[in-house]
Amino acid sequence: MTTNDYAEPAAALPSGDMPLLGFGTWQISNFDATKATARALEAGYRHIDTATVYRNEAGIGKALASTAVDRELLFVTTKLPPHHAGRERRTLGESLTKLGLDYVDLWLVHWPPHGGAAPRVWEQLIRAQQDGLAKAIGVSNYSLGQIDELIQATRVEPQVNQIRWGPPLYEPTMASGLEERGIVLEGYSPFKSTNLHDPTLVSIAERHSASSAQVIVAWHITHGFVVIPKSVHPERIVANAAGTRIQLTADEVNAIDGLSRVAKAGSWRN
Ligand SMILES: NC(=O)c1ccc[n+]([C@@H]2O[C@H](COP(=O)([O-])OP(=O)(O)OC[C@H]3O[C@@H](n4cnc5c(N)ncnc54)[C@H](OP(=O)(O)O)[C@@H]3O)[C@@H](O)[C@H]2O)c1
């Protein structure tokens, strides 16, 4: 049924593999999410990224219910809205009901609650993981300092930090800081963060008979970053995934790294 299976390449989490390619679903309506997710699964995506605030978990759940892909081969992420601090477990229960799942593969704190690390909220994620409702737990939009606060308070490190990422936002200190802590870097908004007409990207894309969007996907994969491109267009859903198969040379990766504005201007994340 699938044209390709993008379960590989993957990042190793203690709970199992996390495919480096995921399907982003922000700004896909609940209605459209069923068809778009079904397209992505048919195209071989095995990892789906949603969130309570996207209000499309039920639509995604319909696609998950009708796919022929076994549950164990799927990797489903959802996220706790920071303003749901204090009602974490109820929120996760609602997500699971809408998704039609017994557990999610990854549950993230969507943003630092009230701009802070919020170890009390993190403790609730740890409990949900202990209870088997989330195979892995992590954070999103956290700085390294905020992550260290969580680790100091609970001795449990997040397994993933999902952050806005792409060549212009490439920040070696964030990448190495997460790696040192054993945390997977999951990038979001790979295309929105990047000028798809950038001449460096366009010329590398031409060399590979590819699009600059595909080169951006390939750049993430080469670095071992998770990438979760969103599209509602079947041809783009397929093409974006195929970017994972492009073999960039070391020189090409260096040239794309060089597009970073952050490496030159300094981080804004801490
Ligand atoms: N944790 C967070 O705070 C957070 C924040 C933002 C996003 N996210 C997650 O990350 C995912 C990806 O980020 P994103 O949706 O913000 O942005 P994105 O994936 O970088 O870009 C999506 C946009 O690019 C277009 N697009 C898709 N493929 C394309 C291609 N091959 N060529 C040209 N344009 C293309 C899409 O349009 P069409 O749909 O019309 O093709 C859409 O307008 C989200 O869907 C969500 O799951 C997380």
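Biologist: Is glutamate 252 buried or exposed in this one?

Modeller: Buried: in this predicted model, glutamate 252 has a relative accessibility of 5%. That counts as buried because the cut-off is under 20% relative accessible area.

Biologist: Which helix does glutamate 252 lie in?

Modeller: Glutamate 252 is part of helix H10, which covers residues 250–257.

Biologist: Nice. Switching to the ligand: which residues come nearest?

Modeller: There are 26 residues around the ligand, and the nearest are Asp49, Ser189, Phe191, Ser231 and Arg236.

Biologist: What does serine 189 do with its polar side-chain atom there?

Modeller: A polar side-chain atom of serine 189 sits 2.7 Å from an oxygen atom of the ligand.

Biologist: And proline 190, how far is its backbone from a ligand oxygen?

Modeller: For proline 190, a backbone N or O atom lies 3.1 Å from an oxygen atom of the ligand.

Biologist: Which side chain has an N or O atom 2.9 Å from a ligand nitrogen?

Modeller: That is asparagine 240, whose side chain places an N or O atom 2.9 Å from a nitrogen atom of the ligand.

Biologist: How much of the ligand's accessible area does the protein cover?

Modeller: On its own the ligand has 900 Å² of accessible area, and the protein covers 86% of that.

Biologist: How do the lining residues divide by type?

Modeller: The lining of the largest pocket has 12 nonpolar residues, 10 polar ones and four charged ones.

Biologist: Back to serine 189, then. What is its phi?

Modeller: Serine 189 has a positive phi, about 55°, although it is not a glycine. You'll find serine 189 in the loop between strand E9 (184–188) and helix H7 (199–207).

Biologist: Is serine 189 buried or exposed?

Modeller: Serine 189 is buried, with a relative accessible area of 14%.

Biologist: Which loop holds arginine 55?

Modeller: Arginine 55 is in the loop between strand E4 (47–49) and helix H2 (57–66). Arginine 55 also has a positive phi of about 55° without being a glycine.

Biologist: Buried or exposed, that arginine 55?

Modeller: Exposed: its relative accessible area is 71%. The cut-off for exposed is over 50%, so arginine 55 falls in that class.

Biologist: What joins glutamate 8 and proline 9?

Modeller: A cis peptide bond, with omega at about -5°. Proline 9 belongs to the segment before strand E1 (10–13).

Biologist: Last topic, helix H1. Where is leucine 41, and how accessible is it?

Modeller: Leucine 41 is in helix H1, residues 30–43. At 1% relative accessibility, leucine 41 counts as buried.

Definitions and conventions. Residues are numbered from 1 along each chain as its sequence is written. This is a predicted model: local features need pLDDT of at least 70, side-chain atom pairs count only at pLDDT 80 or more; totals for chains, interfaces and linings use all residues. Side-chain values use heavy atoms; hydrogens and water are left out. Helices (H or I, at least four residues) and strands (E, at least two) are DSSP runs, numbered from the N terminus. Buried means under 20% relative accessible area, exposed over 50%, partly exposed in between (1.4 Å probe, protein chains only). Ala, Val, Leu, Ile, Met, Phe, Trp, Tyr, Cys and Pro count as nonpolar, Asp, Glu, Lys and Arg as charged, and the others, Gly among them, as polar. A residue is near a molecule or strand if one of its heavy atoms lies within 4 Å of it. A polar contact is a pair of N or O atoms within 3.5 Å; within protein, one must be able to donate a hydrogen and the other to accept it, and residues adjacent in sequence count only if both atoms are side-chain atoms. Accessible areas come from the Shrake-Rupley method with a 1.4 Å probe; for residues, only the protein chains shown count as cover.
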